[in-house]
Amino acid sequence: MQGYIDCHCHISAGDFDKDLEDVIERSKQAGLLALLAVAEHAGEFEKIISLSHRFPGFIFPCLGVHPVQEVSPEQQRGASLQDLDAALPIIEKYKDHLVAIGEVGLDFTPRFVNNETDKDSQRQVLIRQAQIAKQLDLPLNVHSRSAGRPTIHLLKEQGVEKALLHAFDGKPSVAMEGVKAGYFFSIPPSIVRSEQQKLVKQLPLENICLETDSPALGPEKQVRNEPQNIPISAEYISKIKGVSLEKVMEVTTQNALRLFPKIKSVIRP
């Protein structure tokens, strides 16, 4: 199957409201076969589901509660079980449509987490969502900022077998623990300017997927990222690994189809 899969993007973000049709068209022109649309909070679940109906066989929904929740544009806090309570009925309603639970995870960035109680609250939210994913036989789409080791350890403790760690910022040695557990790591276009280059050197190609995290993590800071930029990730990986771009495309797409099997039968190449 020739083409790319964007395994983690925020296509429901307001940044795309004005020109979504064009964004989707450009992504198809760039060789994309599918986008996995991740959620951050219950308030955007319905929008993601409606986008998956509007672009069937191309946008695939992942619903979950992100470890950081926005109170206002200036203020953010760690996720709580109350945030999850609002999300659970909607996840239950659409469970048959979902290809993953996400975006979930841990974020121990100091400005969001002031104490052990905050960290524990995030852990509880992640544990609960890991259990839901297992019940539904779905993979997890995982965020782990400043929390690489605790995230991988928690996933392993919970017996999670299928996980994508997106834009992983932990040490390559910690990532290798994830590789041993069978986890995948997705690489955004920001690799051209980030520490992730060291990570890609170490990771086996068989554990790498592609993502954009659009509208964030583009090749240029402060410029809206789009799914059409996914070949930038692939080209950079091919340079670091010393393999052809075609090989990177083929292996990362097969990896995505293995991790997210529900998209395989629906993609329209």
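Let us start with T151, which sits in helix α5 and counts as buried, at 0% relative accessibility. Buried here means under 20% relative accessible area, exposed means over 50%, and partly exposed lies in between, with a 1.4 Å probe and protein chains only. Beyond its neighbours within four places in sequence, T151 is in contact with L106, V142, H143, S144 and L165, where contact means heavy atoms within 4.5 Å. Please keep in mind that this is a predicted model, in which local features need pLDDT of at least 70 and side-chain atom pairs count only at pLDDT 80 or more, while totals for chains, interfaces and linings use all residues. Residues are numbered from 1 along each chain as its sequence is written, and side-chain values use heavy atoms, with hydrogens and water left out.

Helix α5 (residues 148-157) packs on it, touching β6, β7, β8 (163-166) and β9 (184-187). Helices (H or I, at least four residues) and strands (E, at least two) are DSSP runs, numbered from the N terminus. The direction of α5 makes about 150° with that of β7; axes are lines fitted to C-alpha atoms, for helices over the stretch in contact, and angles run from 0 to 180 degrees between N-to-C directions.

The sheet itself is open and has eight strands, in the order β1-β2-β3-β6-β7-β8-β9-β10, with parallel pairing. Its edge strands, β1 (4-9) and β10 (208-210), each pair on one side only. On average, neighbouring strands of this sheet are turned by 30° against each other, direction ignored. Strands of a sheet pair through backbone hydrogen bonds, either parallel or antiparallel. Two strands are taken to pair if DSSP finds at least two bridges between them.

Two of these pairings are worth a visit. Strand β6 (residues 100-107) and strand β7 (residues 140-145) pair in the parallel sense over six bridges. Here L106 has S144 in β7 as its bridge partner, and both L106 and S144 are among the contacts of T151. Further along, β8 and β9 pair in the parallel sense over three bridges, with H166 standing opposite S186 in β9. Strand β9 is covered on both faces: F184 and S186 on one side, and F185 and I187 on the other, are all buried.

Helix α2 (residues 45-54) and helix α3 (residues 81-94) pack at an angle of about 20°, with their axes 11 Å apart. That makes α2 roughly parallel to α3; angles under 35 degrees count as roughly parallel, over 145 as roughly antiparallel, 65 to 115 as roughly perpendicular and the rest as oblique. The crossing of α2 and α3 is right-handed, a term used if the near helix is turned clockwise from the far one by less than a right angle, with anticlockwise being left-handed. At this contact, F45, E46 and I49 in α2 meet A87, I90, I91, K93 and Y94 in α3. By class, these residues divide into six nonpolar, no polar and two charged. Ala, Val, Leu, Ile, Met, Phe, Trp, Tyr, Cys and Pro count as nonpolar, Asp, Glu, Lys and Arg as charged, and the others, Gly among them, as polar.

Helix α3 also packs with helix α4 (residues 116-136), at an angle of about 15° and with axes 10 Å apart. α3 and α4 are therefore roughly parallel to each other, and their crossing is right-handed. L81, L84, L88 and I91 of α3 make the contact with Q124, V125, R128, Q129, I132 and L136 of α4. This contact has seven nonpolar, two polar and one charged residues.

Finally, some backbone details. Most residues other than glycine have a negative phi, and most peptide bonds are trans. The bond from G102 to E103 is cis, with omega near 15°, and E103 is in strand β6. The bond from S214 to P215 is also cis, with omega near 5°. S214 lies in the loop between β10 and α8 and is buried, with a relative accessible area of 0%. S214 and S12 are 202 residues apart in sequence and 9.6 Å apart in space, C-alpha to C-alpha. Q222 counts as exposed, at 80% relative accessibility.
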